[in-house]
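Please walk me through this model.

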Amino acid sequence: MVKFSFKNLKLELKRQLNPSSLKKQFLEIIDGIDKRDILLMLILPVFVTLIYLLPSTIRELLQLDIKNPIWWQYLTQSFVHNSWSHLSSNLFGYFLYSLLLITFVNKLKLKKEFYKLFLFLVISLPIVSSFIQVKSYPIILNWLPNLQHSAGTSGIVSALAGFTIIFWAVYFNKINREIVFDVRTSLLFVVYIALLFVFYYSKGISGILILVLVLFFVFLLTLISNIKKIIIEISKESKKGIIWTFFLITTPIFFFMTPKIIFPSFELMFKNGTFTDFFMHYIGIVYGIIVCGSYFIFINKRWRDYNG
């Protein structure tokens, strides 16, 4: 076993940060990603951009009227945006998580599975979220009498964040079967989101906050051995390439930091008189975790054996 030293670390970093080494690492990561993958991932952003270019009168008909919805709005509301800043912020999040996802699914050789999940997400989430908004918003948000319409792709983007952390967990389970990936894994991530939701929006310490916190630590303790094993695997991967190691380290950071970005405080929910639909962000990320996690745990149990 090679003894750790800063001198060895410096030499290893120098070797891996060499331009020719970085080029080789990059080519290894994108090997298998083709034009078809790029075109498929561009369909949604091109589609929502074209919709944004439609006249405002048409876009208003495509938004979800929460109090008096028309049937097609259950399908269209997730693809409509009210302003360029609204669209661009969602596109930024979409491309960020698409980059992480396509990298992981390519490494795992699970592109077909990913595209099935992505198609299911794009079709089902607008319908699910619309029903939740129509049935619950007039009750839980009755203190916002002017809240009438809902639109935007933020729910789908949030769901992709949920997809990303599941594929990250799937990757480690595939390279080391001792790293647990089961219902507890998905529930740990869901409870983490629930914990943040209660923490951000509850007033002080509450029974619900304590309950969710306890649940989080219970799931965390049952999976605590994973952390050490994941660190060991990342250490092994770091010897192969610094770029892929960067992806492995930053992916969970992005997931755990995402709520800080897309779940606004009460003060930030209202900006220039506009209400930020923070509930849609929570619905999306939890939906993404449940859909993607359930697929690999219950539906497609043979994914570990796929080699391409």
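Of the 308 residues of the chain, 47% count as buried. Buried means under 20% relative accessible area, exposed means over 50%, and partly exposed lies in between (1.4 Å probe, protein chains only). This is a predicted model, in which local features need pLDDT of at least 70, side-chain atom pairs count only at pLDDT 80 or more, and totals for chains, interfaces and linings use all residues. Residues are numbered from 1 along each chain as its sequence is written, and side-chain values use heavy atoms, with hydrogens and water left out.

The chain holds 14 helices and 4 strands. These are DSSP runs numbered from the N terminus: helices are H or I with at least four residues, strands are E with at least two. Contact means heavy atoms within 4.5 Å. Among contacts between residues at least 6 apart in sequence, 81% join residues at least 24 apart.

**Confidence**

The pLDDT is the predictor's confidence in each residue, from 0 to 100. Its average over the chain is 86, and 86% of the residues score at least 70. Among the elements, helix α3 (residues 35-52) has the highest mean, 96. Strand β4 (residues 274-275) has the lowest, 50. Where pLDDT is low, the predicted coordinates should not be read in detail.

**The core**

A nonpolar core is a set of buried Ala, Val, Leu, Ile, Met, Phe, Trp, Tyr and Cys residues joined through side-chain atoms within 4.5 Å. The largest one has 87 residues. Phe 114, Phe 163, Ile 166, Phe 167 and Phe 296 touch the most other members. Helix α8 (residues 154-175) gives the most to this core, with 14 residues. Look at Phe 167. Beyond its neighbours within four places in sequence, Phe 167 is in contact with Leu 101, Phe 104, Val 105, Leu 108, Leu 110, Phe 114, Leu 117, Cys 292 and Phe 296.

**Helix packing around α7**

Axes are lines fitted to C-alpha atoms, for helices over the stretch in contact, and angles run from 0 to 180 degrees between N-to-C directions. The axes of α3 and helix α7 (residues 111-140) come within 12 Å and cross at roughly 10°. The two helices are therefore roughly parallel to each other, a term for angles under 35 degrees; over 145 counts as roughly antiparallel, 65 to 115 as roughly perpendicular and the rest as oblique. From α3, Asp 37, Leu 40, Met 41 and Leu 44 meet Lys 111, Phe 114, Tyr 115 and Phe 118 in α7. By class, that contact has 6 nonpolar, no polar and 2 charged residues. Here Ala, Val, Leu, Ile, Met, Phe, Trp, Tyr, Cys and Pro count as nonpolar, Asp, Glu, Lys and Arg as charged, and the others, Gly among them, as polar.

Now take α6 (84-108). The axes of α6 and α7 come within 9 Å and cross at roughly 145°. Tyr 94, Leu 101, Ile 102, Val 105 and Asn 106 in α6 meet Lys 111, Phe 114, Tyr 115 and Phe 118 in α7. This contact has 7 nonpolar, 1 polar and 1 charged residues.

Lys 109 sits in the loop between α6 and α7. Lys 109 is not a glycine, yet has a positive phi of about 60°. Most residues other than glycine have a negative phi. With a relative accessible area of 46%, Lys 109 is partly exposed.

| Residue | Relative accessibility |
|---|---|
| Thr 251 | 1% |
| Gln 63 | 9% |
| Ser 154 | 13% |

The contacts below leave out residues up to four places away in sequence. Thr 251, in helix α12 (residues 242-262), touches Leu 100, Phe 104, Thr 164 and Trp 168.

Gln 63 is in the loop between α4 (56-62) and β1 (64-65). Gln 63 contacts Gln 73, Gln 77, Val 80, Asn 82, His 149, Ser 150 and Ala 151. Gln 63 and Ser 150 are 87 residues apart in sequence, but 6.0 Å apart in space, C-alpha to C-alpha.

Ser 154 lies in α8 and touches Asn 90, Met 280 and His 281.
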